[in-house]
Amino acid sequence: MSDPRNVAHDKKVTQEKKHTASADEGQAGQPGKKTAVATQRADPASESASRADAPAADTSAPPPAAASPAALEGSLVVLAQLKDLDFHSRAHLERLAALQMTIEDELKQTTIAAPLAEVYAAQNVFQTSLTTLIDLYKAECDRLQNAA
């Protein structure tokens, strides 16, 4: 009697051959499933060479006068995500402040208090930058709404 591992291996090999043969012929391996399309990947060196040969796009061109409704809707989604991030950032600041008070006042762990203060300061800088970004992005969304 043959070894079951050999039988399983032979079965696997025949299934792989059948699968590759059906993909090469363009037939679907299973009904209702899409066939795998072979994608040809470009060589990174040739891709960068073709970019160097192409003329540079004019980056000083003004933005289009009328904003599309899709761009406005996408911008409003991004603004909502930024506001959500702002909410969570504020919550993190509050948690860090509570932790700092606990570590300094209750636990008297002064060696940990200084690194935690640095994290709090970094989170505060992030929160300030995020608030500025939200204000700028809200002004841009308002401009897009007025243009539409």
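Predicted model: local features only at pLDDT ≥ 70, side-chain atom pairs only at ≥ 80, totals over all residues.
A residue counts as buried when its relative accessible area is under 20%.

Helix α4 covers residues 110-147, and Gln123 sits in it. Is Gln123 buried or exposed? Its relative accessible area is 18%, so Gln123 is buried. Val119 also has its place in helix α4, but Val119 is partly exposed, with a relative accessible area of 44%.

| Residue | Relative accessible area | Class |
|---|---|---|
| Gln123 | 18% | buried |
| Val119 | 44% | partly exposed |

**What Gln123 touches**

Which residues are in contact with Gln123, once neighbours within four places in sequence are set aside? They are Ser89, His92, Leu93 and Leu96. With Ser89, the side chain of Gln123 makes a polar contact of 2.9 Å.

**The partner helix, α3**

Helix α3 runs over residues 69-106 and has 38 residues. From first C-alpha to last it reaches 55 Å, close to the 56 Å expected at 1.5 Å a residue. Its buried residues include Ser89, Leu93 and Leu96, and the buried residues of α3 pack against α4. An α-helix has 3.6 residues a turn, so residues three or four places apart point the same way. After α3 comes Lys108, which has a positive phi, near 55 degrees.

Notes: Residues numbered from 1 in each chain as written. Heavy atoms only, no water. Helix = DSSP H or I, 4+ residues; strand = E, 2+ residues; numbered from the N terminus. Buried < 20%, exposed > 50% of the residue type's maximum accessible area, 1.4 Å probe, protein only. Polar contact = N/O pair within 3.5 Å; in protein donor to acceptor, adjacent residues only side chain to side chain. Contact = heavy atoms within 4.5 Å. Expected span 1.5 Å × (residues − 1).
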